[in-house]
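Visitor: Hello! I have never looked at this protein before. Could you show me how to read it?

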Amino acid sequence: SSGINAEWLLRPGDDDDLEAIRERRIKQMQKLQAQKQEYKNLGHGTYDTITNEKEFFELSKKSDRMVCLFYTDTALRCKIVDKHFQTLCQKHYETRFLRLNAEKAPFLTDRLKIRVIPTIVMVKDANICDRIVGFDELGGVENFPTSLLEWRIAQNKVINYSGDLSRPPVEEKRKKYRLRLCVDTTA
């Protein structure tokens with residue numbers, strides 16, 4: 001005997017339980033879809049450039065979670081962050097991704113003591129909760145993976161993250177082997 005009670009598996013009323021679970025799941029999916037649409041209406045899912053400090057403050061009040069890149073047109077590393085943010089904004093609808101030219105926001109740049117470009121500022125519930133200054137926390141290299149930036153932003157729950165927050169993601173690197181052929185010319 002396998003220990004499974006077939007009568008228990010075929011109890012009357014099971015179909016009702018499954019139907020109740022199905023209904024709850026449908027309602028949950030509808031709620032998530034409505035939330036995603038609300039985020040979309042607030043501009044989430046896109047990576048936008050804002051032009052002034054007033055916009056920064058207004059948007060931080062409208063969205064509970066926001067990530068903003070302070071950039072300059074001459075800093076090439078900002079273009080690297082742009083590429084990563086364009087990917088992340090589509091993956092994380094729950095967070096608004098923006099960029100603001102630091103030279104056009106002198107009050108905010110001074111108030112936030114931004115001295116290094118790029119600087120990424122994270123906002124939660126209209127309060128600045130974290131920042132990433134330069135690339136030091138991203139391995140100090142320009143070719144860091146998007147998953148590392150995603151993990152770093154997730155540290156203060158500014159995005160929903162399904163991975164392990166206790167350690168950064170490790171990208172699998174394929175080892176390159178060098179094959180050296182020796183030809184025996186004496187034979």
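Guide: Gladly; let us begin with Cys78, which counts as buried at 1% relative accessibility. Buried means under 20% relative accessible area, exposed means over 50%, and partly exposed lies in between (1.4 Å probe, protein chains only). Before we go on: this is a predicted model, in which local features need pLDDT of at least 70 and side-chain atom pairs count only at pLDDT 80 or more, while totals for chains, interfaces and linings use all residues. Residues are numbered from 1 along each chain as its sequence is written, and side-chain values use heavy atoms, with hydrogens and water left out.

Visitor: Is Cys68 buried or exposed?

Guide: Cys68 is buried too, with a relative accessible area of 0%.

Visitor: How many disulfides does a search of the whole structure find?

Guide: A disulfide is a covalent bond between the sulfur atoms of two cysteines. Here a pair of cysteine sulfur atoms must lie within 2.5 Å to count. The search of the whole structure comes back with zero disulfides.

Visitor: How many helices and strands are there in the protein?

Guide: Both are DSSP runs numbered from the N terminus: helices are H or I with at least four residues, strands are E with at least two. The protein has six helices and five strands. Reading from the N terminus, their order is α-α-β-α-β-α-β-α-β-β-α.

Visitor: What share of the residues of the protein count as buried?

Guide: The protein has 187 residues, and 35% of them count as buried. Of the contacts with a separation of 6 or more, 62% are between residues 24 or more positions apart.

Visitor: Which residues of helix 3 are buried?

Guide: In helix 3 (residues 53-62), the buried residues are Glu53, Phe56, Leu59 and Ser60. They are on the same side of helix 3, because they cover an arc of only 130 degrees around the axis. That arc is taken from the directions from the helix axis to the C-beta atoms. Lys54, Lys61 and Lys62 are exposed on the other side of helix 3. The cover over the buried residues includes strand 1 (47-50), strand 2, strand 3, helix 5 (106-111) and strand 4.

Visitor: Which residue caps the N-terminal end of helix 3?

Guide: Asn52 does, with a side-chain oxygen 3.1 Å from the backbone nitrogen of Lys54.

Visitor: How many salt bridges does a search of the whole structure find?

Guide: In a salt bridge, a side-chain nitrogen of Lys or Arg is within 4 Å of a carboxyl oxygen of Asp or Glu. The search of the whole structure turns up ten salt bridges. One of them joins the side chains of Glu19 and Arg22, at 3.4 Å from N to O. An α-helix has 3.6 residues a turn, so residues three or four places apart point the same way. Glu19 and Arg22 are three residues apart in helix 2 (residues 14-41), which means about one helical turn separates them. Glu19 is partly exposed at 39%, and Arg22 is partly exposed at 47%. A network of salt bridges links Glu19, Arg22 and Glu23.

Visitor: Are Asp82 and Arg99 buried or exposed?

Guide: Both Asp82 and Arg99 are buried. Their side chains meet in a salt bridge of 3.1 Å, N to O. Asp82 lies in helix 4 and Arg99 in strand 3, so the pair ties together parts that are 17 residues apart in sequence.

Visitor: Why is helix 6 largely enclosed by the rest of the structure?

Guide: Helix 6 (residues 146-154) is largely enclosed because eight of its nine residues are buried. Among them are Leu148, Leu149, Trp151 and Ile153. The buried residues of helix 6 pack against strand 2 (65-71), helix 4 (76-91), strand 3 (96-101), strand 4 (119-124) and strand 5 (127-133).

Visitor: With which residue does Arg152 form a salt bridge?

Guide: Arg152 pairs with Glu137, and their closest N and O atoms are 2.5 Å apart. This links distant parts of the chain: Arg152 is in helix 6, while Glu137 is in the loop between strand 5 and helix 6, 15 residues apart. Arg152 is buried at 8% relative accessibility, whereas Glu137 is partly exposed at 39%. Leaving aside neighbours within four places in sequence, Arg152 is also in contact with residues including Met122, Asp130 and Leu138.

Terms used:
Contact = heavy atoms within 4.5 Å. Polar contact = N/O pair within 3.5 Å; in protein donor to acceptor, adjacent residues only side chain to side chain.
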